Each structure stands twice: as C-alpha cells, then as structure tokens.
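Hi,

Here is the structure I promised to pass on to you. My notes on its ligands and open spaces follow below it.

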Amino acid sequence: MPRDTEALPEKIRALKKEKNALIVAHNYQIDAVQEIADVVGDSFALSKYCATASQDIIVFCGVHFMAESAKILSPRKTVLLPERTAGCPMADMVTAADVQELKRRHPRAAVVCYINTSAAVKAECDICCTSSNAVKVIQSLKEEEIIFVPDKNLGSYIAAQVPEKKMIIWEGFCVTHHRVTVEEVIRVREAHPDALVLVHPECRPEVVALADFVGSTKQIIDFATASAEKKFIIGTEMGVLYRLKKDNPEKTFYLLSPGLICPNMKKTTLKSVYNALTQMQYPIEVAEEILIKARSALERMLQVT
Ligand code: CIZ
Ligand code: SF4
C-alpha cells in the first residue's frame, strides 16, 4: 500500500473532527470504508441515525437513493455522497411518471415503494418499506389492491406471505441479487451440507424457496450472530461479510455466489471519503415539494414499524 493511502484513515479522522462531520456507511461498502465509519447499517437505520445526530455534515457512503433518504429526514443538514455516480440500477428502473401511470390504471390501490427508489418516486407513493418491514407495512394497509415498486422479487416474496392482497408488482430487480441461480444454491449446499443458507428477498423466488432464512442485511447479520449453528452461506452483497466475520470470529461464512458484488457500492473508497470532506462533495439536493411528500411516505412507514 502506498504511504499516502496508509495515512488516509488518520487524515479522514482529523478532518471529520475539524469539520464536525459524521461518516455513515452501508453494510455493502468496502471493508476500509466500514472501518472508518462512525456507524454501519442499512439505509433506513442510517437515515434515522443521521436525523438525530448532532453533526451538521453527513458523509453518506452508499448509493444515491440512500443519501437522498438521509436528506429527506435531515433537510437542514449537508448530506454528501462521496461518489457522484454511485446509483442503484434497481431504483432507476422506475420513474415518477411510471408510478403516476400505475395510479391512473389502478385508482383504488395503495401505492407502496421499496426504500430503493428516488425521492421523486417516493413522493408519488403512500408509504415506503424496507426489506425488513415490507410484509408488516402491506398488512397494515386497508386497501385490498397494492401497487408495489420497483422490485419484482421482493414483491413476490411479500405476495406469498400476504395472499389476501392483490399485488400489482413492477418488473424491476436488483442486478446483483437477481444474478444468483438455483444451480448455485444446489452446488454450494452440496459443498457445505452442514451450513445454513441465508438469503436476501431481492433474490429470485426460486432461490428464496431453497433458503433456510430470508431477510434484510440486518436480519441476516442478527440471525447468524444469534444462531447456535457455526456455518452459513450468505446470499446477499459480500460487504456484509466484513461485519459477520468481525462479530463472529468462531463461525464460518461462505458467499453464495461470486456474483454478489454491487459495483455501485464498491465505488466509494477512502480517497472518495477524503475528497468528500475536503471539497464538500457531492451535496444532495431535493426540491422542497418532493421532499415534503417523500418524507410523508417515509414517516408513515415509521408509524407501522
Ligand atoms: O435498505 C437497505 O439498506 C438495503 C438496500 C438492503 C438491506 O437489506 O438492508
Ligand atoms: Fe441497488 Fe442491488 Fe446495489 Fe442494492 S445491491 S444498491 S439494490 S443494485
């Protein structure tokens, strides 16, 4: 490692103090970024944390919709996304205009969006959900018809558990989780027959059907940490391995598929965090009108869970 890179964590810590900034990192960030972060977690937990934190500058190491959610809950703070092009292909698969059209076609339906959506899409929705609380959120709605955007895999997972609802599901998907195949699950189970398979609901339904446990990143981390079992096959983005291994040195973790890497999440490096702090880049802005509506979808979720 060049000397300059070695010194980066110290430089970042000093800058953070000097500017009174908070660094938060998503569970899918690279190990070095998770190490220098003040808090690591899922998108919603991080956004909530930012809102109650004392710092006025937030460096959000994640992808665009996550930093936007933090801005929506902390409109007066400066929220920086260190890599301008770190986006979520799944969030980009649905637009506000698409949701408006769905509402025209299904006027009686409640509109639910996964947190993996832009602020403009959230602003068109009644309520937001995460992969931890999606089933609870949908059960809480009085409407029988539910429009769900954008993840078809999470949508099918919910539909299977809430059969009383008529789900109208958008055809989006996570390019990383959707890549995992049934063949990979079979192969990895054969190689490690004594390990439990834990997968994210963004995986295909046929993959989810073969798992021992299905949950969000936090639920997967909590399950493996609390379990008396010793070996786990992890079916979500490889970034969660950092925390799993750190908190459970006596347990063994295998990645379900080598394809479980989100390139957008891997764009943020120590250098990007350093540049974010020195140059105050890249501030997230959300138009007032959109922010207010998107915030109400996020706050309604808070009332349910
Ligand atoms: O909401 C999040 O942080 C995402 C995208 C995944 C998860 O399961 O935590
Ligand atoms: Fe989006 Fe998938 Fe990457 Fe998450 S892992 S940010 S859903 S592309």
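The shell around ligand 1 splits into 3 nonpolar, 7 polar and 1 charged residues (Ala, Val, Leu, Ile, Met, Phe, Trp, Tyr, Cys and Pro count as nonpolar, Asp, Glu, Lys and Arg as charged, and the others, Gly among them, as polar). Before going further: this is a predicted model, where local features need pLDDT of at least 70 and side-chain atom pairs count only at pLDDT 80 or more, while totals for chains, interfaces and linings use all residues. Residues are numbered from 1 along each chain as its sequence is written, chains are lettered from A and ligands numbered from 1 in the order in which they are written, and side-chain values use heavy atoms, with hydrogens and water left out.

The residues surrounding ligand 1 are His26, Tyr28, Asp42, Ser43, Met66, Ile115, Asn116, Ser131, His200, Ser216 and Thr217 (near means a heavy atom within 4 Å). Oxygen atoms of ligand 1 lie 2.6 Å from a polar side-chain atom of His26, 2.7 Å from a backbone N or O atom of Ser43 and 3.1 Å from a side-chain N or O atom of Ser131. Taken alone, ligand 1 exposes 270 Å², and the protein buries 97% of that (Shrake-Rupley method, 1.4 Å probe).

Around ligand 2 you will find Tyr28, Val63, Cys88, Pro89, Met90, Asn116, Cys174, Glu202 and Cys262. That shell divides into 7 nonpolar, 1 polar and 1 charged residues.

Where do the ligands sit? A cavity here is a set of points on a 1 Å grid over the protein atoms alone where a 1.4 Å probe fits but cannot get out; a pocket is an open set with protein on both sides within 12 Å along at least five of seven lines, and lining residues have an atom within 4 Å of a point.

The largest cavity holds about 320 Å³. Its lining has 28 residues, with Tyr28, Phe65, Met66, Asn116 and Glu202 nearest the centre. H3 and helix H4 (64-73) are the elements that give two or more residues to this lining.

The largest pocket has a volume of about 170 Å³. Its lining includes Asp42, Phe44, Lys48, Lys218 and Thr305, and helix H3 (residues 43-52) supplies the largest share, 3 residues (helices are DSSP runs of H or I, at least four residues).

Best wishes

Note on methods. A polar contact is a pair of N or O atoms within 3.5 Å; within protein, one must be able to donate a hydrogen and the other to accept it, and residues adjacent in sequence count only if both atoms are side-chain atoms. Grid points are joined across faces, edges and corners, and a volume is the space filled by probe spheres set on the points.
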